[in-house]
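Dear colleague,

Here is the structure for your files. My notes on the ligand site follow it.

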Amino acid sequence: MAYTVINPADETVVTTVQRLDIEEVDAAIFGATVAQKEWARRAPLDRATLLRRFAEAVDRDLENLAQLETRNSGHPITQARGEAASVRDVLEYYSGAPERLIGQQIPVSGGMNVTFHEPMGVIGIITPWNFPMSIAAWGFAPALAAGNAVLLKPAEWTSLTSIRLGELALEAGLPEGLFQVTPGQGPVVGERFVTHPDVRKVVFTGSTEVGKRIMAGASEQVKRVTLELGGKSANIIFGDADVEAAALAAPSSVFDNAGQDCCARSRLLVQRGVFDRFMNVFEGAVQDLRVGDPLDPDTEMGPLVTLSHRDHVTSFVDDDSLVAFRGSCPSGPGAWFPPTVMTPSRDHRVVEEEVFGPVVAVLPFDDEADAIKIANDSKYGLSGSIWTQDLSRAIRVSRAVESGTLSVNSHSSVRYSAPFGGMKQSGIGRELGPDAPLQFSETKSVFYAASEN
Ligand code: NAD
């Protein structure tokens, strides 16, 4: 049973991908359990060296990975090159971890108490279609560094770069079975990660709806989970901000990757006194956005991932009177959708639900308390931005907004050296940062009795 991959920029067939069935997944899990035991026994320096070789293999293949992502997902080539480079960087960063997984020595009487960070075993990683390569690396790099084996199930729409990363791991010398890519359907391959007792942790990035199912299923075996789920993040522009800078930066905060970004600031909150000035500059910036051929290095926004996803995005723009302005996009074949700016009421569906497309809802607010109230009026709490030149306000508001990852006077979201993750229904656990390998380890405490001679 194969899945046909379509290029979303022109609707041509790229290739087909074989879906694994349950027996094949079970065989992969068995191979991973064998490989993991041998991997965990290896010297930390050996594991570090192999992860560095994996990073080098990704670096050598960078252009190929980027081209593959562009054909599969429609990502602009410049962005796709950055994603491939981020896989290399994350592998390099965590190649330092095997030799730094340091436990504690705890003062006790009658002997010695120490802690070890033991690997969990086999980790199942399930990824979404929006940033296939980078999100996979946030999981597999620290998991491997901590001495685990990894099975990676990519989203069906976008599995090509994950499959290539599996090949590169082998070319780099990682042992057979240690890092396997298992393409297939979520309810088949992904679900098996949840039900199979030899998979000790599931790292899931995707919709809140599926994440809830995974969490419920994992509870049967008290299986560890990290969940990175949906978002409806706010970009808050205060009247004391550099309004021009905020307006010029706003398109990238929500239209990057055609809005298919869990951190997209899809609610834009602007203080009333500067609303018109902001919208004026913002409109020019949206119209200047270069939307088109993803293979052109100057392109800033490509198509949506599939035609069916475009139907989903279109359903949010149901009333033309709420559209303030739009940018441009190509006509003809492809899942094209223009950047769209709406000015709905606070309770409109586009304000509450994740669109996962290039649609932003702009809402005016009165004062600081009103801005915080709107920002927190969401079941999600993943990301967000605050624009102000008042340092005290920046501190107050960044502490008050219920969100796992915020940036002030910029739209930075994910830095591999800092923790990333969501509050409320945006997820559980944190990825990346210096502590990520601990998310793939169990702390073991051992007391060694010593006789006093
Ligand atoms: P999705 O939930 O439909 O699918 C995600 C993955 O889960 C896919 O690989 C899919 O095949 C698999 N899956 C589906 N049903 C399953 C099941 N029953 N059991 C196990 N696995 C199953 O999400 P999507 O449409 O691919 O991605 C978009 C969503 O991902 C958005 O909600 C977005 O916000 C979220 N996301 C979150 C983050 C984050 O870091 N918080 C990052 C990227 C995307």
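The ligand takes up the space of the largest pocket; a pocket here is an open set of points on a 1 Å grid over the protein atoms alone, where a 1.4 Å probe fits, with protein on both sides within 12 Å along at least five of seven lines. The model is predicted, with local features needing pLDDT of at least 70 and side-chain atom pairs pLDDT 80 or more, while totals for chains, interfaces and linings use all residues. Residues are numbered from 1 along each chain as its sequence is written, and side-chain values use heavy atoms, without hydrogens and water.

Domain 1 (2-229 + 426-448) and domain 2 (234-415) both contribute to the shell around the ligand, so the ligand lies between them; the bounds come from an automatic or database domain assignment.

Of 28 residues around the ligand (a heavy atom within 4 Å), those that come nearest are Thr-127, Trp-129, Ser-207, Leu-229 and Glu-354.

Polar contacts are pairs of N or O atoms within 3.5 Å. Ligand oxygen atoms lie 2.5 Å from a side-chain N or O atom of Glu-354, 2.9 Å from a polar side-chain atom of Lys-153 and 3.3 Å from a backbone N or O atom of Gly-206.

Regards

Notes
A polar contact is a pair of N or O atoms within 3.5 Å; within protein, one must be able to donate a hydrogen and the other to accept it, and residues adjacent in sequence count only if both atoms are side-chain atoms. On a 1 Å grid over the protein atoms alone, a cavity is a set of points where a 1.4 Å probe fits but cannot get out, and a pocket is an open set with protein on both sides within 12 Å along at least five of seven lines; lining residues have an atom within 4 Å of a point. A molecule sits in a cavity or pocket if more than half of its atoms lie within 2 Å of its grid points.
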